[in-house]
Amino acid sequence: MEAHDYYLRLTNLYAQIRAVGANYNQTVKAIHTNFNDRRAIALLAQLDKSTQELNGLFRQVIRLTKEFNEKWSIE
């Protein structure tokens, strides 16, 4: 049951990541459309910082998935 639960949660996370990607693209477009260059650069810098934090979480997910696969011998 543990493997099934992990798979379901990972699938749900993947769907959420896709939604974040769509929102990210919309956000960048809105920033460029609605703000002057100086403000856009500041906002994009904040977005970049959040993106780096999200990448750290993705690395944790990958590490945990590898550990899970080793524990359950899933390939």
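Q52 counts as partly exposed because its relative accessibility is 49%, where buried means under 20% relative accessible area, exposed over 50% and partly exposed in between (1.4 Å probe, protein chains only). Q52 is found in helix α2, and its C-alpha atom is separated by 16 Å from that of N25, 27 residues apart along the chain. The structure is a predicted model, in which local features need pLDDT of at least 70, side-chain atom pairs count only at pLDDT 80 or more, and totals for chains, interfaces and linings use all residues. Residues are numbered from 1 along each chain as its sequence is written, and side-chain values use heavy atoms, with hydrogens and water left out.

Helix α2 covers residues 37-72, 36 residues in total; helices are DSSP runs (H or I, at least four residues), numbered from the N terminus. From first C-alpha to last, α2 reaches 51 Å, close to the 52 Å expected at 1.5 Å a residue, a span taken as 1.5 Å times one less than the number of residues. At the start of α2, a side-chain oxygen of N36 comes to within 3.2 Å of the backbone nitrogen of R38. At the other end, α2 is followed by S73, whose phi is positive, near 55 degrees.

Within α2, the residues A40, L43, L47, T65 and F68 are buried. Their cover includes α1 (2-34), with contact meaning heavy atoms within 4.5 Å.

Technical notes
Helices (H or I, at least four residues) and strands (E, at least two) are DSSP runs, numbered from the N terminus. A polar contact is a pair of N or O atoms within 3.5 Å; within protein, one must be able to donate a hydrogen and the other to accept it, and residues adjacent in sequence count only if both atoms are side-chain atoms.
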